[in-house]
Amino acid sequence: MSSISTLATPLAFMKTTTTRRNSSSSSSSSSRRMMTIRCDVEGEEGESSQTKIGARVRVKVPLKVYHVPKVPEIDLTGREGHIKQNVSFWKDNKRISANLPYKVEFIANDIQGPRGPLKFVAHLRDDEFEELLSE
């Protein structure tokens, strides 16, 4: 029984919001209680990921992508690009769980497309790239 009671108690990082809605029936004025439990991880993760948008990055792990049209495979190791979006934040900064949260745009000058250098995007994790210092 003690394990059930420990599961029912909210943890330190969980915020509990209680909302009351009054029913509009004329015979009774009973109130309905709705409880919403939202798990927010406090800390610098959300703040630092928002500041990384627009930063120059270099891929530091061996990584190949196969989704670029008319190119069988591209090795991203050592390539530089710009972070375009953090897809783990959705509308109104609502947090969603994305496996590869950073959308990085690359311009491959060594591969020519129909209108000049090939431009493509790839989704990466935080540990797959390193942020370059802007000069």
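Let's start with the open sheet: five strands in the order β8-β7-β6-β3-β9, with antiparallel pairing. Strands here are DSSP runs of E with at least two residues, helices are runs of H or I with at least four, and both are numbered from the N terminus. Two strands pair if DSSP finds at least two bridges between them. At the edges stand β8 and β9, each with a single partner strand, so one side of each has no neighbour in the sheet. On average, neighbouring strands in this sheet are turned by 40° against each other, direction ignored. That angle is taken between axes, which are lines fitted to C-alpha atoms (for helices over the stretch in contact), with angles running from 0 to 180 degrees between N-to-C directions.

A quick word on what you are looking at. This is a predicted model, where local features need pLDDT of at least 70 and side-chain atom pairs count only at pLDDT 80 or more, while totals for chains, interfaces and linings use all residues. Residues are numbered from 1 along each chain as its sequence is written, and side-chain values use heavy atoms, with hydrogens and water left out.

Now, the middle of that strand order. Strand β3, residues 56-59, is joined to β6, residues 80-86, by three bridges, and the two run antiparallel. If you follow along on the structure, Arg56 has His82 as its bridge partner in β6, and Arg58 stands opposite Glu80. On to β7, residues 102-113: β6 and β7 pair in the antiparallel sense over five bridges. Here His82 turns up again, standing opposite Glu105.

Side chains of opposite charge can pair when their charged atoms come close. I count a salt bridge when a side-chain nitrogen of Lys or Arg is within 4 Å of a carboxyl oxygen of Asp or Glu, and the structure holds ten of them. So which residues does Glu105 pair with? One is Lys84, with the closest N and O atoms 3.5 Å apart. That pair links Glu105 in β7 to Lys84 in β6, 21 residues apart. The other is Lys119, at 3.9 Å from N to O, and this pair connects β7 with β8 across 14 residues.

Glu105 is buried at 17%, Lys84 is partly exposed at 46%, and Lys119 is exposed at 55%.

Asp126 pairs with Lys52, the closest N and O atoms being 2.8 Å apart. Asp126 is in the loop between β8 (116-124) and β9, and Lys52 is in the loop between α2 (45-51) and β3, so the pair ties together parts 74 residues apart in sequence. Asp126 is partly exposed at 40%, whereas Lys52 is buried at 15%.

Next, the aromatics. A pair of aromatic rings is described by the distance of the centres and the angle of the planes. Rings of Phe, Tyr and Trp (its six-membered ring) pair if their centres lie within 6.5 Å; planes under 30 degrees apart are stacked, over 60 edge-to-face, and the rest tilted. The structure holds two such pairs. One of them is Tyr102 with Phe129, edge-to-face at 5.4 Å centre to centre and 90° between the planes. Tyr102 belongs to β7 and Phe129 to β9 (residues 129-131), 27 residues apart. Tyr102 is buried at 7%, and Phe129 is buried at 5%.

Ala108 lies in β7 and is buried at 0% relative accessibility. Its C-alpha atom is separated by 6.3 Å from that of Lys119, eleven residues apart along the chain. Leaving out residues up to four places away in sequence, Ala108 touches Arg79, Pro117, Leu118 and Phe120, where contact means heavy atoms within 4.5 Å.

Then there is Ser88, in the loop between β6 and β7. Ser88 is buried as well, at 7%.

How values were computed
Buried means under 20% relative accessible area, exposed over 50%, partly exposed in between (1.4 Å probe, protein chains only).
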